[in-house]
Amino acid sequence: MRRAVIVSKAVLTVIGTWLALMLAIALPALLPERWEYYMISPASVGLWMLCMLVGPLAVCWKLRSWIRTVPGDPRRLDI
């Protein structure tokens, strides 16, 4: 059960990161047309693709203590 909770937290973290990055690339489409090329240029799309690969790893690294914590686990040290 402990592993299932840890894996589900990690999966939710990755999906949440991807959703935030998808929103970041979709929102500039609401701007006026003349700004669209500057906001969604080939360079920014390349950086966005790189963030789609590296971003979830960085977020999981940052939230690793939360991911490892399982509510009600007797091995918790903060009780």
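Modeller: Glu 33 is a place to start from the outside: with a relative accessibility of 71%, this residue counts as exposed. Its place is in helix α2, which covers residues 33-39. The model is a predicted one. Between Glu 33 and Trp 66 there are 33 residues of sequence separation, and their C-alpha atoms are 42 Å apart.

Helix α1 takes in residues 2-26. From the first C-alpha to the last, its 25 residues reach 36 Å, close to the 36 Å expected at 1.5 Å a residue. Its buried residues are Lys 9, Thr 13, Thr 17 and Leu 21, and the elements that cover them include α3 and α4. I will follow α1 in the order of its sequence.

Lys 9 is part of α1. This lysine has a relative accessibility of 11%, so it counts as buried, since the limit for that term is under 20%. Beyond its neighbours within four places in sequence, Lys 9 is in contact with Trp 66, Ile 67, Thr 69 and Pro 71. With one of these residues the arrangement can be given in more detail: Lys 9 lies over the face of Trp 66, 4.7 Å from the ring centre.

Ala 10 also belongs to α1. Its relative accessible area is 23%, which means that Ala 10 is partly exposed. Residues up to four places away in sequence aside, Ala 10 touches Cys 60 and Ile 67. Ala 10 and Ser 65 are 55 residues apart in sequence, but the distance between their C-alpha atoms is 11 Å.

Thr 13, again in α1, has a relative accessibility of 8% and is therefore counted as buried. Its contacts, leaving aside neighbours within four places in sequence, are Val 59, Cys 60, Leu 63, Trp 66 and Ile 67.

Thr 17 is the next of the buried residues of α1. With a relative accessible area of 12%, Thr 17 falls on the buried side. Apart from neighbours within four places in sequence, Thr 17 is in contact with Gly 55, Pro 56 and Val 59. Ser 41 is 24 residues from Thr 17 in sequence, and the two C-alpha atoms are 22 Å apart.

The buried residues of α3 are Trp 48, Met 52, Gly 55, Pro 56 and Cys 60. They pack against α1 and α4, the latter being residues 64-68.

Met 52 lies in α3 and is buried, with a relative accessible area of 17%. Not counting residues up to four places away in sequence, Met 52 touches Trp 18, Leu 21 and Met 22. Leu 21 is one of the buried residues of α1. Ala 4 is 48 residues from Met 52 along the chain, and their C-alpha atoms are separated by 24 Å.

The cysteines need a separate remark. The structure holds 0 disulfides. The sulfur of Cys 51 has the sulfur of Cys 60 as its closest cysteine sulfur, but the distance is 15 Å, so they are too far apart for a bond; the cut-off is 2.5 Å. Cys 51 is partly exposed, with a relative accessible area of 38%, whereas Cys 60 is among the buried residues of α3.

Last, the rings. The count of aromatic pairs comes to 0. Besides the Lys 9 and Trp 66 arrangement, the charged end of Arg 64 sits over the ring of Trp 61, at 4.2 Å from its centre.

Note on methods: Residues are numbered from 1 along each chain as its sequence is written. This is a predicted model: local features need pLDDT of at least 70, side-chain atom pairs count only at pLDDT 80 or more; totals for chains, interfaces and linings use all residues. Side-chain values use heavy atoms; hydrogens and water are left out. Buried means under 20% relative accessible area, exposed over 50%, partly exposed in between (1.4 Å probe, protein chains only). Helices (H or I, at least four residues) and strands (E, at least two) are DSSP runs, numbered from the N terminus. Contact means heavy atoms within 4.5 Å. Rings of Phe, Tyr and Trp (its six-membered ring) pair if their centres lie within 6.5 Å; planes under 30 degrees apart count as stacked, over 60 as edge-to-face and the rest as tilted. A charge sits over a ring if NZ of Lys or CZ of Arg is within 6 Å of the ring centre and within 35 degrees of the ring normal. The expected span of a helix is 1.5 Å times one less than its number of residues.
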